[in-house]
Amino acid sequence: MEEQKRVFTALGYEDYAWSECTAAWSARFMGELKTRKYYQGFNPTMNKVYDWVYEHRDIIRKTTLEEQEQMMIADGVLTPDDI
């Protein structure tokens with residue numbers, strides 16, 4: 001019988017919380033995000049967006065995607081052309 005190898009990955013609480021938060025955000029706005037340029041294909045801007053979403057996780061529960069995008073523009077994460 002072949003010995004089973006164990007793989008250990010260090011995943012901290014912040015990594016888990018970031019992933020959970022950004023996945024929930026993407027699911028919440030799935031339909032709307034399909035029309036956004038910054039969400040199409042592999043786009044490095046999405047990492048900035050996801051970081052912003054996690055940083056503002058308390059705000060995003062109470063605001064629309066459009067309001068969030070305006071805040072992201074004001075914070076320099078997105079440009080109007082990204083939308």
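**The ring cluster and its surroundings**

Author: Trp18, Trp25, Phe29 and Tyr50 are joined into one cluster by ring pairs. Keep in mind that this is a predicted model, where local features need pLDDT of at least 70 and side-chain atom pairs count only at pLDDT 80 or more, while totals for chains, interfaces and linings use all residues. Residues are numbered from 1 along each chain as its sequence is written, and side-chain values use heavy atoms, with hydrogens and water left out.

Two rings of Phe, Tyr or Trp (its six-membered ring) pair when their centres lie within 6.5 Å; planes under 30 degrees apart are stacked, over 60 edge-to-face, and the rest tilted. That rule gives three aromatic pairs. Helices here are DSSP runs of H or I with at least four residues, strands are E runs of at least two, and both are numbered from the N terminus.

How much of these rings shows? The scale is relative accessible area with a 1.4 Å probe and protein chains only: under 20% is buried, over 50% exposed, and in between partly exposed. Trp18 comes out partly exposed at 25%, whereas Tyr50 counts as buried at 17%. Tyr50 also forms an edge-to-face pair with Trp25, 6.2 Å centre to centre and 90° between the planes. That pair again links distant parts of the chain, since Trp25 sits in helix α1 and Tyr50 in helix α3, 25 residues apart. Trp25 itself is buried, with a relative accessible area of 2%.

Now zoom out to the α3 side. The buried residues of α3 are Thr45, Met46, Val49, Tyr50, Trp52, Val53 and Tyr54. Their cover includes α1, α4 (57–60) and α5 (65–74). Tyr54 has a charge on its face too: Arg57 lies over that ring, 4.0 Å from the centre. For that label, NZ of Lys or CZ of Arg has to be within 6 Å of the ring centre and within 35 degrees of the ring normal.

A nonpolar core is a set of buried Ala, Val, Leu, Ile, Met, Phe, Trp, Tyr and Cys residues joined through side-chain atoms within 4.5 Å. The largest one has 17 residues, and the members touching the most others are Trp25, Tyr38, Val49, Val53 and Met72. At least two residues of this core come from each of α1, α3 and α5, and α3 gives the most, with six. Leaving out residues up to four places away in sequence, Val53 touches Cys21, Trp25, Ile60 and Met72; contact means heavy atoms within 4.5 Å.

How do the helices cross? Axes are lines fitted to C-alpha atoms, over the stretch in contact for helices, and angles run from 0 to 180 degrees between N-to-C directions. The axes of α1 and α3 come within 9 Å and cross at roughly 105°. That makes α1 roughly perpendicular to α3, on a scale where under 35 degrees is roughly parallel, over 145 roughly antiparallel, 65 to 115 roughly perpendicular and the rest oblique. From α1, the contact uses Glu14, Ala17, Trp18, Cys21, Thr22, Trp25 and Ser26, and from α3, Met46, Val49, Tyr50, Asp51, Val53 and Tyr54.

On to α5: α3 packs with it at about 110°, with the axes 11 Å apart. These two are therefore roughly perpendicular as well. Here Val49, Trp52 and Val53 of α3 face Gln68, Met71 and Met72 of α5 in the contact.

One more residue of helix α5 is Glu69. Glu69 is buried, with a relative accessible area of 3%. Not counting residues up to four places away in sequence, Glu69 touches Arg36, Tyr38, Leu78 and Ile83.

Buried residues make up 31% of its 83 residues. Of the contacts between residues at least 6 apart in sequence, 60% join residues at least 24 apart.
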